[in-house]
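We'll go strand by strand and then end up at the ligand.

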Amino acid sequence: MRPVSSRRRFLKQSGLALTVLAFPVPFTKSSIITTMNTTQSFDVIIIGGSYSGLAAAMALGRALKQVLVIDSGQPCNAPTPYSHNFLTQDGNTPKGIAAIGKQQVALYPNVEFFNGIATKGTKTKRGFEIETATGEKFVASKIIFATGIKDIMPPIEGFEDCWGISVLHCPYCHGYEVRNTTTGILGNGDYAYELAKMIANWTSNLTIYSNGKATLTTEQLAKLQKHTIKVVEKEITKLDHNAGQLKTIVFKDETTVPITVLYSPRPFVQHCTIPESLGCEMTEDGYIKVNGVQETSVEGVYACGDNTTRMRTVANAVAMGTTAGMTASKKLISEQF
Ligand SMILES: Cc1cc2nc3c(=O)[nH]c(=O)nc-3n(C[C@H](O)[C@H](O)[C@H](O)COP(=O)(O)OP(=O)(O)OC[C@H]3O[C@@H](n4cnc5c(N)ncnc54)[C@H](O)[C@@H]3O)c2cc1C
C-alpha cells in the first residue's frame, strides 16, 4: 500500500525539524579571526572569483560557511564581446554575467572578497595557508581552485588582437553568429581534421590553413576534398584586421586571402600553479585531476571550471563550481557535527 501523505500528518511528523529550521543556525565556525594581525581564518578559501569560483562561493555561502574569494580579475574570456550558450545569459557580455554573479554572492555576509593574486599555498596542521602577492596570509581548512587556464598565443602578428572576436576557440560559443561565412581553421594533422569535420556543420566555406606542410593523411585529404574543404599550406605572417575583425590572412610570399573567421583552439598552461605545488595530481593533458564531485587527489583541496576540463563553457564552469562548493561544505558539515 502506498503511504498516505497529508498536510496535517506532514506538519505533525516534521514539527521538530521545522522548529529547528525556524531558528537561524549560528555559524559553526567563529567569524573571521585575526591572529598576528595578518592571518585571517576561513572555512574555505576559493582562489579564482570568476564563474566557477562565484558558483562555489554561492553554494558555500548558502551553507553558512565562512568563505574568502581571492581573485586577480583576469578571466580567459575577457576579450570576447559577447558570451553565448549559457541559459538565461545568452548574448550578455562576459563582464555582465560575472557582475550579476558577484552581486548575488555578495549578498551573503559570510562571503568575503579579496582582489589580488594568490602566490603560495602551504599545507598546515589544520588545513592550508594561502599567501598573496602583496603579503597577506589567509588560512582555511579547505581550498577550492577555480583558477582557469591561460591560452598561449602563436607568434603571428594580429592573432592576439583578434582572439575572442574573430579568432575563435569553440563553435558552440560563437559558431552560430558566424555561420556560413568565409571560415578558416588554423591547425594541422588529426587535430585540424577533426575540427574541420565539426566546423563543416556551421559553414560550407571552409579552409584549413596548416601554416606549413600539411600533416594530414591521404584518407583525410580525400575526405576533406569530398566535402570541398580546401587545405592551404603557405606560411602565415600576419592577420590583417579592423579592431579585431579579421579582413585578410597575409602569407610569407606576400599573397593574401580574405577571411571572416578563424578557429584556432590554443595550447594552454594552468593560470595558477599552487595546486601542483600542493601535490595535486594532473592529467596527461595538463588539467587538475578531479573526481565526479570535484575533489582533487589532495585531501581538502577541490578544483572546478576550466582548470579541470576541456569542456570549456560558462555553464560547465558554473555547474562544477556549484558541485565543488557543495562537496566542500558537506565535508565541513560532517567534520563539524
Ligand atoms: C575567448 C573566449 C571566449 C569564450 N566565449 C565563451 C562563450 O561565448 N560561451 C561560453 O559558455 N564560454 C565561453 N568561453 C569559455 C568560458 O569563458 C570559460 O569556460 C569560463 O570562463 C571558465 O570559467 P572559470 O571560472 O573556470 O575560469 P575563468 O573565467 O578563466 O576565471 C579564472 C579566474 O581565476 C583568477 N585567478 C587565476 N589564478 C589566480 C590566482 N593565483 N590568484 C587569484 N586569482 C586567480 C583569474 O584572474 C580569473 O578571474 C570562452 C573562452 C574564451 C577563451
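This is a predicted model: local features need pLDDT of at least 70, side-chain atom pairs count only at pLDDT 80 or more; totals for chains, interfaces and linings use all residues.

**A walk through the fold**

Strand β13 and strand β14 (residues 245-251) run antiparallel, joined by 6 bridges.

Residue numbers start from 1 along each chain as its sequence is written.

Back to the strands. β13 and β14 belong to an open sheet of 3 strands, ordered β13-β14-β15, with antiparallel pairing. Its edge strands, each pairing on one side only, are β13 (236-242) and β15 (256-258). On average, neighbouring strands of this sheet are turned by 25 degrees against each other, direction ignored. For angles, axes are lines fitted to C-alpha atoms, for helices over the stretch in contact, and angles run from 0 to 180 degrees between N-to-C directions.

Another open sheet has 5 strands in the order β9-β16-β10-β11-β12, and here the pairing is parallel. The edges are β9 (167-168) and β12 (230-232), each pairing on one side only. Strand β11 (residues 206-209) runs parallel to β12, with 3 bridges between them, and Tyr209 stands opposite Val232 in β12. Helix α7 (residues 189-199) lies across β10 (183-186), β11 and β16, at about 160 degrees to β10. In the whole protein chain you'd count 10 helices and 18 strands.

Now for some hairpins. Strand β5 (residues 118-123) pairs with strand β6 (residues 128-132) in the antiparallel sense over 5 bridges, and the two form a hairpin with 4 residues between them. Lys120 has Glu131 in β6 as its bridge partner. β6 and strand β7 (residues 137-145) run antiparallel and share 4 bridges. Their hairpin also has 4 residues between the strands, and Gly135 there takes a positive phi near 95 degrees. In general, strands of a sheet pair through backbone hydrogen bonds, either parallel or antiparallel.

Pick out two residues in this region. Gly121 lies in strand β5, and Glu136 lies in the loop between β6 and β7. Which of them is buried, and which is partly exposed? Gly121 counts as buried, with 22 C-beta neighbours inside 10 Å, while Glu136, with 15 such neighbours, counts as partly exposed. The cut-offs are these: a residue is buried if 20 or more other C-beta atoms lie within 10 Å of its own, exposed if 12 or fewer, and partly exposed in between, with C-beta atoms placed from the backbone. Leaving aside neighbours within four places in sequence, Gly121 is in contact with Phe128, Ile130, Ile143, Ile274, Ser277 and Leu278; contact means that the C-beta atoms, placed from the backbone, lie within 7 Å. Across the protein chain, buried residues make up 38% of the 337 residues. Of the contacts with a separation of 6 or more, 60% come from residues 24 or more positions apart.

Arg266 lies in the loop between β16 (261-263) and β17 (268-270) and is partly exposed, with 15 other C-beta atoms within 10 Å. Arg266 and Asp151 are 115 residues apart in sequence, but their C-alpha atoms are 5.7 Å apart in space. Not counting residues up to four places away in sequence, Arg266 touches Asp151, Ile152, Met153 and His169.

Finally, the ligand. How many residues surround the ligand? The shell has 41, and the closest are Gly48, Ser50, Gly148, Gly164 and Gly305; a residue is near a molecule if its C-beta atom, placed from the backbone, lies within 6 Å of it. The elements that give two or more residues to this shell are α3 (51-62), β3 (67-71), α6 (171-174) and α10 (314-336). By type, the shell divides into 16 nonpolar, 21 polar and 4 charged residues, where Ala, Val, Leu, Ile, Met, Phe, Trp, Tyr, Cys and Pro count as nonpolar, Asp, Glu, Lys and Arg as charged, and the others, Gly among them, as polar. Domain 1 (32-150 + 268-336) and domain 2 (159-263) both give residues to the shell, so the ligand lies between them. The domain bounds come from an automatic or database domain assignment.

Note on methods. Two residues are in contact if their C-beta atoms, placed from the backbone, lie within 7 Å. Two strands pair if DSSP finds at least two bridges between them.
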